[in-house]
Amino acid sequence: MRESSSVVRPEPMGSATYSESSRLQAAGLQQAIAIFARVAAAVPLPRPPQPIVIADYGASTGHNSLLPIGAAIAAVRERTRPEHAVLVAHTDLPENDFTVLFRTLAEDPESYLLRDRASFTSAIGRSFYSQILPSNTVNLGWSSWATQWLSRVPTQIPDHLAVAYSADDAARSAFARQAANDWQHFVAFRARELSPEGRVVVLTMAVDEDRQFAFRPLLDGIRSVLRDLTRDGLLHEHETRRMAIPVVGRSEKDLRAPFSPSGRFEGLVVEQLEVFNAEDRFWTQFCADRDAATFGAQWAAFARFSIFPTLVAALDGGAKDPRAEEFTEQLEAGVAELLSAAPERLQIPLATVVLVKRGCSD
């Protein structure tokens, strides 16, 4: 989720390369999809003609929304007449490429619009750190790989791209405060939007029991290549210093913090929370075929479309900088080379959270 002019989330792309790279994230979706389907099978539903409202918070191009939304609609259809309308509201920031989103919904074989004739879609360009939909209207909410993106970069990270791997106490504290504030806002506004007994399922990046974050070999590799590009003169040192990835993994304690000590916040309670390690599918493939070049290329392609746009934004000319394309190409090639030389399984701690609204919000 990209949340301010200073934060650039994954570039929404319509290409097959982006689609395949983004589907790495689907490795963590299966567990969350099963939870979402179970929740959809039990959540109270409005009576016709009032539509069943499903909100997708942080939709991007929709590639990682199709399976969960489709599973929820299938579960709902076990309890409703086929003509009972389902309205799906996909939300993201105004800069999101909604054209690609609507094309995905219209053309992808996994689209719920092609499978359920009483489903309708809409899109809203607004931050999910504010209220997006009318109060007490959302029956089901879904958010995947989005709430780890902060609403802003609170400070520069002097010694790394990711604050999780920084030794700077001031930077770590600033990011922790911002992450806590953003999560509280996300929860509070979902409390307003959910109908009584409505539920939202969140899949987000986490830290494991040792408070270890994800993607260390990849992020270390990116940082190493950036130093090389700066040394070679493609980047200016002040640009490299600006480069930071405003992503934070939260622990179980962090995710429960707004609900302490009573267990309730703005009418919401935590119905389920689990932290787990997602599969590194590229590593699984490497173990089967021992193709180190492909392993490195796959992770570099993932980084190109999930991380590099944030780094490009730090160039003096931003995305329109004349060096942007060369920078992206050289960075991808360098990262691929590094990871191919020493393949290593990447840890990917994730958390699934189910929040339920008990009555009206406080």
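Which residue of β2 stands opposite A55? The legends below begin with that strand pairing.

The structure is a predicted model, in which local features need pLDDT of at least 70, side-chain atom pairs count only at pLDDT 80 or more, and totals for chains, interfaces and linings use all residues. Residues are numbered from 1 along each chain as its sequence is written, and side-chain values use heavy atoms, with hydrogens and water left out.

View 1. Helices (H or I, at least four residues) and strands (E, at least two) are DSSP runs, numbered from the N terminus. Two strands pair if DSSP finds at least two bridges between them. Strand β1 (residues 52–57) runs parallel to β2 and is joined to it by six bridges; here A55 stands opposite A89. Strand β3 (residues 119–125) also runs parallel to β2, through seven bridges, and A89 stands opposite S122 of β3. Of the seven residues in β2 (residues 86–92), six are buried, that is, under 20% relative accessible area with a 1.4 Å probe and protein chains only.

**View 2. The crossovers between the strands.** A crossover is right-handed if, with the strands pointing away from the viewer, the path from the first strand over the helix to the second runs clockwise. Together, β1, helix α3 (residues 66–77) and β2 make a right-handed β-α-β unit. From β2 the chain crosses through helix α4 (residues 98–107) to β3, and this crossover is right-handed.

**View 3. Two tilted aromatic pairs.** Rings of Phe, Tyr and Trp (its six-membered ring) pair if their centres lie within 6.5 Å; planes under 30 degrees apart count as stacked, over 60 as edge-to-face and the rest as tilted. By this rule there are 14 aromatic pairs. In one of them, F36 and W142 are tilted, at 4.9 Å centre to centre and 40° between the planes. F36 belongs to helix α2 (residues 29–42) and W142 to strand β4 (residues 138–144), 106 residues apart; both are buried. The ring centres of Y165 and F213 lie 6.3 Å apart with planes at 55°, so this pair is tilted.

View 4. Y57, F128, Y129, W183 and F186 form one aromatic cluster. A charge sits over a ring if NZ of Lys or CZ of Arg is within 6 Å of the ring centre and within 35 degrees of the ring normal. R190 lies over the face of Y57, at 4.4 Å from the ring centre. The charged end of R190 also sits over the ring of F186, 4.9 Å from its centre.

Terms used:
Buried means under 20% relative accessible area, exposed over 50%, partly exposed in between (1.4 Å probe, protein chains only).
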